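Reader: I would like a close look at a single part, please. Take one chain, and then show me what surrounds that part.

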Amino acid sequence: MRAPSAFLWQVTKLLATLALTFIGLLLVTFLIGRIVPVDPVLAVVGDRASQSVYDKAYIELGLDKPLYEQFWIYMTKMVTGDLGQSFLTKKDIADDILRVFPATLELATVGILIGTVLGLPLGVLAAVKKGKLADQLVRVLGLVGYSAPIFWLGLLGLLVFYAKLGWVAGPGRIDIGYEYSVTQTTGLLLIDSAMQGQWDAFRNVVSHIILPASLLGYFSMAYISRMTRSFMLNELAQEYITTARVKGVPEWRIIWIHALRNAAVPLVTVIALSYASLLEGSVLTETVFAWPGLGQYLTNSLQNADMNAVLGGTMVIGVIFVGLNLLSDLLYTLLDPRVRRRG
Amino acid sequence: MTDLLTVQNLRIAFPSRHGPVEVVRGVSFAMGKERLGIVGESGSGKSLTGRAILGLTPPPGKATAEKLEFDGIDLREATRSQWHDIRGERISMVMQDPKFSLNPVMTIGRQLMETYRTHRRSTRAEAHERGLEMLNAVQIRDPDRVMNAYPHELSGGMGQRAMIAMMLVTEPELLIADEPTSALDVTVQIEVLRILDRLVSDRGMGLIFISHDLRLVSSFCDRVLVMYAGQVVEEVKATDLANASHPYTKGLFNCLPRIEGGQRPLPILERDADWAL
């Protein structure tokens, strides 16, 4: 073990980086709020208010103060978790987001699981069978995933699997019949219904989530399989692979243990960023499937010029992004001994 | 002496836009449990020859031969399970640079035990024990630490010793050493060579020593094949190098600097286009 001071230094460095990133994020959202041609005063008082009412609100919102002071106020509010009030719902934005976020979290998590479970082996397969039929098939599958518009695939999926075949439930997270029988503790309906032993409700939730999650999973699969393929090809060309072959190590071990273990290091970042992009609220998917998540909330707020809500949401997304980046950095350290123990 | 390895008319070709390009063009030799050196400059095909013996010609290269036989096994037709019994068990290869030839995310111990457990039915504890013994045999002073170390935590010389340990843990009959010391510091080279030398003698195995260093090869081997442009231009006893007949070998030999009698400038190695024919 190294001296504790080295470790402390590393933690301090990390925290400092985080703080800086966070301040940068705040600055950007703050400036966006000032630049967009939406008058925050009008949003509060309405466009038929008298000049005196307008002026009063103007001062109440602190818009008469210099910009740096406004930024300071904004920053202290954000840090204490006060994201302001929504003009639209008249509720605290923090509460609003807490309400809609579990829906997105649940969808994104199931989506990234599907994407990883499918994408990783397919990418490995494509790399091992480079240039052969299997490789071509995986690449075409990925290409379609990249290029097909998600709303179109979503509508098609609903048409086929919901309307025609009736294999899955339709839009929404859960049938209305079950909606009030499940007490929301985590807000993740799969977990809530399972913990309460309501298996009918659980099946219903699964049946609702499976189609949109598969769709998101398909998109992340396209990306993950492609990156896995290229990382694996890179690893399989390394000298240590020849060493393993010389040693007589069976091919499956060479692929799944030697090469994949090395390819996993950059893959962690790919999967984390992929997950982050799903968490940001897949606006189109949530719209098509009437999924009451962050994406839908943000779209609604944007359409109604509810700038506080938009900025609050942007802030949350930023924090998620930074958090997942941090997580992937930590995993990176765990997976790659060369990064470990560096002072 | 019965031949352990017979190579006849080995050819390795790589496809190119203008048709296949042969980089090894008809190499033949036979060897028993002796020390055979293969020298040549880079690109002469010496490393590819070594890899072809293990059936590891890097794609898209293709190796063909009239005969490629190891202890009566036709290596050209070897099945997967035959290769499993040969690679790492009966023929091993020490690769050039431990920086690249060791898996960076596996400890030395795991990689060392992997060779052993691939070929010997054994418990982890036995394999661990054998690994430690082997690290001792390559004169690593603190084998316990090295077992748990990752490749990047070792110096080049230590890494290469670990590599040798990994390749010899199953006591193969033939070892191919492909430029085993070229990536190391000069001072470390001699140590590693001494270890290799002793292990090869003690275990009485055959050795193919591939190098561009004529002096090294001649002091280390019984017999030397000199390769030029994918062909063996001369086969000569190591002790007879001074009397080599081929002008390329003579040229290589004369290029070596000598301590006594400052010979400046060193003669330039002249190449004759005819040699490559």
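Author: Chain B has ten helices and eleven strands. Helices (H or I, at least four residues) and strands (E, at least two) are DSSP runs, numbered from the N terminus. The radius of gyration of chain B is 19 Å, close to the 19 Å from the globule rule for 277 residues, so chain B is as compact as a globular protein of that length. That radius is taken over C-alpha atoms, and the globule rule is 2.2 Å times the number of residues to the power 0.38. This is a predicted model: local features need pLDDT of at least 70, side-chain atom pairs count only at pLDDT 80 or more, and totals for chains, interfaces and linings use all residues. Residues are numbered from 1 along each chain as its sequence is written, while chains are lettered from A and ligands numbered from 1 in the order in which they are written.

Stay with chain B as a whole for a moment. Its C-alpha atoms fill a box of roughly 60 × 50 × 45 Å, taken along the principal axes. Of the 277 residues of chain B, 43% count as buried. Buried means that 20 or more other C-beta atoms lie within 10 Å of the residue's own; exposed means 12 or fewer, and partly exposed is in between, with C-beta atoms placed from the backbone. Now take the contacts in chain B with a separation of 6 or more: residues 24 or more positions apart account for 66% of them. Two residues are in contact if their C-beta atoms, placed from the backbone, lie within 7 Å.

Next comes the close look, at strand E1 of chain B. E1(B) covers residues 5-14, and pairs with strand E2 (residues 21-31) of chain B in the antiparallel sense over eight bridges. Two strands pair if DSSP finds at least two bridges between them. In the hairpin of E1(B) and E2(B), six residues lie between the strands, and B:Gly19 takes a positive phi near 85 degrees. B:Ile12 stands opposite B:Val24 in E2(B).

B:Ile12 also stands opposite B:Ala63 in E4(B). Strand E4 (residues 62-64) of chain B runs antiparallel to E1(B), and three bridges join them. E1(B) pairs with strand E5 (residues 67-70) of chain B as well, antiparallel, over four bridges. There, B:Gln8 stands opposite B:Lys67 in E5(B). In a regular strand the side chains alternate between the two faces of the sheet.

Now turn to the other chain. The contact takes 21 residues from chain B and 16 residues from chain A. On the side of chain B that touches chain A, strand E7 (91-94), helix H3 (98-101) and helix H4 (108-119) of chain B each supply at least two residues. H4(B) gives the most to that side, with four residues. The residues of that side of chain B divide into nine nonpolar, nine polar and three charged. Ala, Val, Leu, Ile, Met, Phe, Trp, Tyr, Cys and Pro count as nonpolar, Asp, Glu, Lys and Arg as charged, and the others, Gly among them, as polar.

Chain A is divided into domain 1 (4-79) and domain 2 (93-335). Those bounds come from an automatic or database domain assignment. The C-alpha centres of domain 1 of chain A and domain 2 of chain A lie 32 Å apart.
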